[in-house]
Amino acid sequence: MCFLRPVFMGFFAPGAMPYHRLKSELEMLKTQHKKEMSDVKKFPKEICEASYKCKELSEHTNSYRTLYCQLLSEWTQLKEKVSTLKKNNRKLHGEQILLQESCKESRRLCEEALEKIYDLCTKQQQEHQRLEEDLQSLMKQKDMLTQQRDLAAKLQHHFTVSQMRFENLQQEL
């Protein structure tokens, strides 16, 4: 084997680098290499943490999905009740008109009937208003669940991308 000996080019020769400059660059490269290797060693832990968080989010998503289904069922029932109450309200209003037309002779009985019908209408309107407020609350909850589901999907995507990067890095190493 033939070994080439380094030739001293002098301090001022073109292209020559002082020894201390080469040494400092080598130290800088070693430091940078250690830092990068340290970062590479952190990847499995970060992937494990991301996987755990993804699992947690998946569990939350499942519980929110169950809650959403329950809320949707309750919302449907409330909607049916509102529809029934509206029908009852229309029916009572029609009866009120018929009673007013047919009870001209007995004004006192008509006034009593109107008073009772008015009380029923007020209660139904209050119930209707309460149901509408409940419906609005359920819709807000639904929107929150949708946002959380979307967030879980984004996190799942980020996890998949991180996992693919990790696998690529493993293959490169």
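Let's start with a pair of charged residues: Arg-130 and Glu-127 join their side chains in a salt bridge, with N and O 2.6 Å apart. Keep in mind that this is a predicted model. Where do Arg-130 and Glu-127 lie? Both are in helix H2, 3 residues apart, which is about one turn of the helix.

That spacing is handy. An α-helix has 3.6 residues a turn, so residues three or four places apart point the same way. And when charged atoms come close, side chains of opposite charge can pair.

Arg-130 has another partner. Asp-134 also forms a salt bridge with Arg-130, and here the closest N and O atoms are 2.9 Å apart. Asp-134 and Arg-130 are both in helix H2 too, 4 residues apart, again about one turn of the helix.

Asp-134 gets the label partly exposed at 28%.

## A pair in helix H1

Now hop over to the other helix in this story. Arg-21 and Glu-25 form a salt bridge, their closest N and O atoms being 3.8 Å apart. How far apart are Arg-21 and Glu-25 in helix H1? They are 4 residues apart, so about one helical turn separates them.

Arg-21 is partly exposed, at 44% relative accessibility. Glu-25 is partly exposed too, at 31%. If you're counting salt bridges in the model, the number comes to 4, and the Arg-21 and Glu-25 pair is one of them.

## The rest of helix H2

Time to zoom out. Helix H2 runs over residues 107-172, which makes 66 residues. From its first C-alpha to its last it reaches 96 Å, close to the 98 Å expected at 1.5 Å a residue.

Which residues of H2 are buried? They include Cys-110, Ile-117, Cys-121 and Gln-124. Further along you'll find a run of leucines, Leu-131, Leu-138 and Leu-145, and then Ala-152, Phe-159 and Phe-166. What do the buried residues of H2 pack against? Their partner is helix H1, residues 19-102.

Definitions and conventions
Residues numbered from 1 in each chain as written. Predicted model: local features only at pLDDT ≥ 70, side-chain atom pairs only at ≥ 80, totals over all residues. Heavy atoms only, no water. Helix = DSSP H or I, 4+ residues; strand = E, 2+ residues; numbered from the N terminus. Expected span 1.5 Å × (residues − 1). Buried < 20%, exposed > 50% of the residue type's maximum accessible area, 1.4 Å probe, protein only. Contact = heavy atoms within 4.5 Å.
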